Amino acid sequence: MNRFFVFQKIIETGSFTKAAKELGYTQSAISQTVANLEKEFDLALLKRSRKGINLTPAGQKLYPEFQKITRQYFDMKEVADHLKGLETGTVRIGASNSISRYWLPNLIKGFEDQYPHVHFTLYQGDYDEIKADILAGRVDFGFLKQTLNGGLKTIPLKKERLLAVMAASHPLAQQKVVSLQDLTQQSHNIILIPEGSHSDVTLAFDQIGVNPHIKDQIQDDYTVMAMVEAGLGVSLVSELMVGNSDFKIAHAATVPEIVQSIEIAYLNQSNLSIASKNFINYVVARKEQLP
């Protein structure tokens with residue numbers, strides 16, 4: 001087993017037991033790998049406590065180097081497989097709920113038809129979490145909105161509009177376009193979907209000088225729409241999610257319009273595996289077909 005990859009998996013999972021399970025090894029084998037690694041460098045790299053596993057100061061310094069070695073190792077394996085006529089590798093992606101549900105399944109299926117030996121690992125989260133995963137090397141690349149991609153290389157894909165959603169009995173339910181000001185005045189609660197540190201929704205309200213009553217913040221889009229259907233408030237949800245839902249809710253465009261530019265974001269080319277580069281090229285070539 002690649003000892004640096006084992007170490008990385010321990011940090012990613014936060015547990016010797018979970019790392020052993022994911023890698024298919026015994027916990028004792030994982031522990032021995034770490035012990036050998038610490039012996040090789042003559043340094044303590046991990047410290048265990050009741051709160052879990054943490055890197056020692058020496059471990060914090062060496063871990064980024066271990067990640068680089070791991071990436072180089074798997075890149076070499078991919079090159080070797082390519083020379084043998086195989087296309088292999090793992091693509092690690094960070095994405096939001098809407099993109100995970102409505103973009104990635106068809107994209108992955110089409111890609112796997114061409115590269116059946118490539119594997120995918122998907123990490124879901126809000127945009128701040130996705131960016132943090134990219135910077136930490138947990139994912140190869142992520143789908144981010146333009147306002148959060150500072151410091152990263154990006155490739156523009158598509159603009160995503162947010163729609164106001166409300167219960168069918170809401171006073172504004174019959175309107176095709178609603179102003180954010182009317183939406184606030186006619187609603188006792190705005191249910192906010194956390195987007196990270198830079199929320200296009202709160203920014204849109206700020207720009208028109210409106211301070212909405214935000215009582216609930218819910219991560220999952222479907223839970224939000226279920227709460228809206230139950231009359232617990234209104235929200236602003238991705239048009240992609242609204243158009244594919246079966247909830248009995250009304251929706252309308254907003255004034256001002258809230259539009260997010262979605263991009264592929266990554267740290268740099270050297271951080272991308274061959275498989276990830278191939279998948280990014282595959283996605284970009286099909287961006288006009290994205291729903």
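Colleague: Which residues lie nearest the centre of the largest pocket?
Modeller: Phe5, Phe74, Gly89, Thr90 and Arg92 do, out of a lining of 28 residues. Please keep in mind that this is a predicted model, in which local features need pLDDT of at least 70, side-chain atom pairs count only at pLDDT 80 or more, and totals for chains, interfaces and linings use all residues. Residues are numbered from 1 along each chain as its sequence is written, and side-chain values use heavy atoms, with hydrogens and water left out.

Colleague: What counts as a pocket here?
Modeller: On a 1 Å grid over the protein atoms alone, a pocket is an open set of points with protein on both sides within 12 Å along at least five of seven lines, whereas a cavity is a set where a 1.4 Å probe fits but cannot get out; lining residues have an atom within 4 Å of a point.

Colleague: What is the volume of the largest pocket?
Modeller: The volume is about 600 Å³, taken as the space filled by probe spheres set on the points, with grid points joined across faces, edges and corners.

Colleague: Which element gives the largest share of that lining?
Modeller: Helix H4 does, with eight residues. H4 (57-83), helix H1 (3-13), strand E3 (88-95) and strand E4 (117-124) each supply at least two residues. Helices (H or I, at least four residues) and strands (E, at least two) are DSSP runs, numbered from the N terminus.

Colleague: How many of the lining residues are charged?
Modeller: Eleven are charged, with 13 polar and four nonpolar. Asp, Glu, Lys and Arg count as charged, Ala, Val, Leu, Ile, Met, Phe, Trp, Tyr, Cys and Pro as nonpolar, and the others, Gly among them, as polar.

Colleague: Turning to the cavities, how many are there of 30 Å³ or more?
Modeller: There are two. The second largest cavity holds about 40 Å³ of space, and its lining consists of Arg71, Arg92, Ile134, Gly137, Val139, Asp140, Leu267 and Asn271.

Colleague: Is Lys9 buried or exposed?
Modeller: Lys9, in helix H1, counts as buried because its relative accessibility is 12%; buried means under 20% relative accessible area, exposed over 50%, and partly exposed in between (1.4 Å probe, protein chains only). Leaving aside residues up to four places away in sequence, Lys9 touches Ala19, Glu22 and Leu23, where contact means heavy atoms within 4.5 Å.

Colleague: And Ala275, where is that?
Modeller: Ala275 sits in helix H12 and is buried, with a relative accessible area of 2%.

Colleague: Which residues touch the most other members of the largest nonpolar core?
Modeller: Trp103, Leu104, Phe141, Phe143 and Phe279 do, among 48 residues in that core. Helix H12 (residues 274-285) gives the most to this core, namely five residues. A nonpolar core is a set of buried Ala, Val, Leu, Ile, Met, Phe, Trp, Tyr and Cys residues joined through side-chain atoms within 4.5 Å.

Colleague: Finally, how many helices and strands does the protein have?
Modeller: The protein has twelve helices and twelve strands, and 48% of its 291 residues count as buried.
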